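Subject: Handover of a structure for your study

Dear colleague,

Please find below the sequence and the structure that I am handing over to you. After them I set out what was found, one region at a time.

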Amino acid sequence: MSARALDFDRTLDPYFDDLFGDAEGYVAVSYGRVPHRPTFYEWPAEKAKLLREAEKRNATTNVFFCPALRQSKKISAKGGLSADNKPVEPMRCLWLDVDYLTEDGEPKPIDQVLLRRLVTKGAWRARSGRNAVIDGRAVWNEHDILPLAEPVDLATFERLNKDLKNAVGADNAQSHAKWLRIPTFLSHKPVLPHPREVAIIAAPRERLSVADVEALISPQGSRRRAPTQRQGTGTRGRQGSTEAGVRRLLRERAHVTEGERSESFHAVVRRGVEDGVSLDRLEDLLTGHAVAERYESQGRLRSMIEKSAEGAGQAEEPPVRKLRVVRASSVKPRRQKWLWTDRVPTGALCLLGGREGSGKSTVGVDLAARVTRGEVEGEYHGTPRSVIYVATEDAWELTLVPRLIAAGADMDMVLFVEATQDGETENVHLPTDNAEMTELIKSEDVGLVVLDPILSALDPDVDADRRRQLRRALEPINHMAEDGDCAILGIVHFNKRQDSGGDIGVMISGLLEWSQVCRATMGLIKHPEEPDQFVLSNGKNNLAPPDTPSLQGRTVEHWVDTEEGATRTSKVEWLGESALSVSDILSPPKSDKPSSAIDRWLTDLLTQSERGLPATEVYRLGEENRPKFSERSLQRALKRVGGTADRPDGFQGKVVWSLDVEELT
């Protein structure tokens, strides 16, 4: 969801002032999953307290409020607003709560044209995080506050709000007892996000008069939009028939990439003109189209429609497709560069997958910090490089910055990136923002881009469950890495499959295209014998040696000083090479025969001695081995391979480990 990074108090100040003005009464606010047992704030005496507590609670839970000021603090026996607790008159605003889908997921007959005309004249628009695709266009649920030029009595308010609700097709509960969510202006994702979290996307430019509202919804009366009729006789049937091709084209092109949206816009206009649809109607049908909205914000939507219409009906010559032949002798070979030797290649997308809580993000932060210090074993060892960190799940100031400080990052070389459009701040969307990202990579000498998680950094119209769409989104990211000569690390989640056969690519949530399109994958998983440790291994990596060793590490607690006092965070502590790999852990042995490296090593060692070996000697050899085997790991391995630990010389003798070779064979 797009959220404007605005100052909470200063932005909600005029928002509530438009609602309540200089009236006196009580603002009903409810904290929690559903509106229940409201807290009342005296208006205007406790306005500052209301804003302060709403900001604090909005970060972790739902905050509802009643947009009508109440006369008292009375509540009903069930915990809601009491019927005797009347609103304070006069009423200064109207409001709409617009949901595009029913509870069953069916589209509602929302008149988007009327809604747009209403809100563009003057409204506080608060967009929800929940969206839908209607006739091929992405639409977001919203609630709108429409300030009136002159206050009205309660009866006039109820009449206007009812007519307005019926005309637009909004939800039924539009009375003075309606509950709405207080918008949030946090610049990061809340701790407990809700799909209906709302953020203001537009402020009113003018106030509507009663005559303005009545003119917009008349002469249709209390229901502006009639039920859809079947095509057939009558004007509406003929109009629906001529529009059918345009609507179908909008649906078919609902999920095109950014580079294709402009062509989609012009194709819709040309099709409409050829089918006899008027330009006015085309302007209405294009409501919600990304390119149309951009043109409208620039004040040139109509001129662009007219320009596209000029080319309608003209025969277009199909593009000529030819084969291009390049001799291999003319292609100069290049050396593969590594940001992290044999693990993370430069000029390519690499995925780091793992289960929730395994430490993926902490490892990503650790790698980023080492890149800024020039301490990663690879192409740029000894040369600090900048890092772009695109994070959508963790707050910059609460999580990422403390982790980066704990990891010892050069904070001037870490770049957090967001996108802005029409005054709104939103996540980076790839491949839409590829061109600007590539320029930034080159200008800032970026060695690593971290997308945490990568799924949230993809264009919102990319369906990650569709193979072709996912490929068309990921391949340009590979090209961006190649053009910028940097590595891109995408953080992904493991699924819950138990039949992966140890294949890291199969474990990555979603389609196999995730691992097929990228050049390298790594897996991170908790160590089965050391719960506080993790194992990092290569998955698919055609460019690295197949025997690249796995690494073992752990996340440790670390305290970071802030202006508000010390805060607890975590950092990575690397322990060296691991005897176990992620594949070993994901595919445990189905029999008693040894399969992991430590099991094979111990089996080979004990089978060479008919009488066995003293435990102290096994420990010494395990310590000298590369990678090292701890005493605890060796003890567990002995149980797995069916070995024994006895004292053949009695209670005072040495503990000897042995293996029954006949039973093993």
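**A residue in strand E6**

Asp144 has its place in strand E6, which covers residues 137–152. Please keep in mind throughout that the model is predicted. Is Asp144 buried or exposed? Its relative accessibility is 0%, and a residue under 20% is classed as buried, so Asp144 counts as buried. Leaving aside residues up to four places away in sequence, Asp144 touches Leu94, Trp95, Leu96 and Val98, and also Leu115, Val119, Trp124, Arg125 and Ala126.

**The chain as a whole**

The chain has 665 residues, and 49% of them count as buried. Its secondary structure comes to 22 helices and 24 strands. Among the contacts in the chain with a separation of 6 or more, 68% are between residues 24 or more positions apart.

**Strand E12 and its two partners**

Strand E12 spans residues 386–391, and six of its six residues are buried, so the strand is largely enclosed by the rest of the structure. Which residues of E12 point one way, and which the other way? Ser386, Ile388 and Val390 point one way, while Val387, Tyr389 and Ala391 point the other way; all are buried. As a general point, the side chains of a regular strand alternate between the two faces of the sheet.

E12 is joined to two strands that I would ask you to look at in turn. With strand E16 (residues 446–452), E12 runs parallel, and six bridges join the two. In this pairing, the bridge partner of Ser386 is Val446 in E16. With strand E13 (residues 414–416), E12 also runs parallel, here joined by three bridges.

Strand E19 (residues 533–541) is mostly covered, with seven of its nine residues buried. Strand E18 (residues 520–526) and E19 run antiparallel, and six bridges join them. Here Gly523 has Ser537 in E19 as its bridge partner. How many residues does the hairpin from E18 to E19 pass through? The hairpin joins E18 to E19 through six residues.

E19 also pairs with strand E20 (residues 550–562), in the antiparallel sense and over four bridges. Val535 stands opposite Gln552 in E20.

**Two open sheets**

Strands of a sheet pair through backbone hydrogen bonds, and the pairing is either parallel or antiparallel. E7 pairs with strand E3 (residues 63–65) over two bridges in the antiparallel sense. In that pairing, Phe64 stands opposite Arg181 in E7.

Another open sheet is formed by three strands in the order E22-E24-E23, and its pairing is antiparallel. Its edge strands are strand E22 (613–614) and strand E23 (644–646), each of which pairs on one side only. E22 and strand E24 (residues 656–658) run antiparallel and are joined by two bridges. Pro614 stands opposite Val656 in E24.

**Cavities**

The structure holds four cavities of 30 Å³ or more. The second largest cavity has a volume of about 90 Å³. Which residues line the second largest cavity? The lining consists of Leu19, Phe20, Ala23, Pro67, Ala68, Leu69, Val88, Pro90, Met91, Arg92, Cys93 and Trp95. Of these residues, eleven are nonpolar, none is polar and one is charged. Helix H1 (8–20) and strand E4 (91–98) each supply at least two residues of this lining. E4 gives the largest share, four residues. Trp95 in this lining is also among the residues that Asp144 touches.

With kind regards,

A colleague

How values were computed. Residues are numbered from 1 along each chain as its sequence is written. This is a predicted model: local features need pLDDT of at least 70, side-chain atom pairs count only at pLDDT 80 or more; totals for chains, interfaces and linings use all residues. Side-chain values use heavy atoms; hydrogens and water are left out. Buried means under 20% relative accessible area, exposed over 50%, partly exposed in between (1.4 Å probe, protein chains only). Two strands pair if DSSP finds at least two bridges between them. On a 1 Å grid over the protein atoms alone, a cavity is a set of points where a 1.4 Å probe fits but cannot get out, and a pocket is an open set with protein on both sides within 12 Å along at least five of seven lines; lining residues have an atom within 4 Å of a point. Grid points are joined across faces, edges and corners, and a volume is the space filled by probe spheres set on the points. Ala, Val, Leu, Ile, Met, Phe, Trp, Tyr, Cys and Pro count as nonpolar, Asp, Glu, Lys and Arg as charged, and the others, Gly among them, as polar. Contact means heavy atoms within 4.5 Å.
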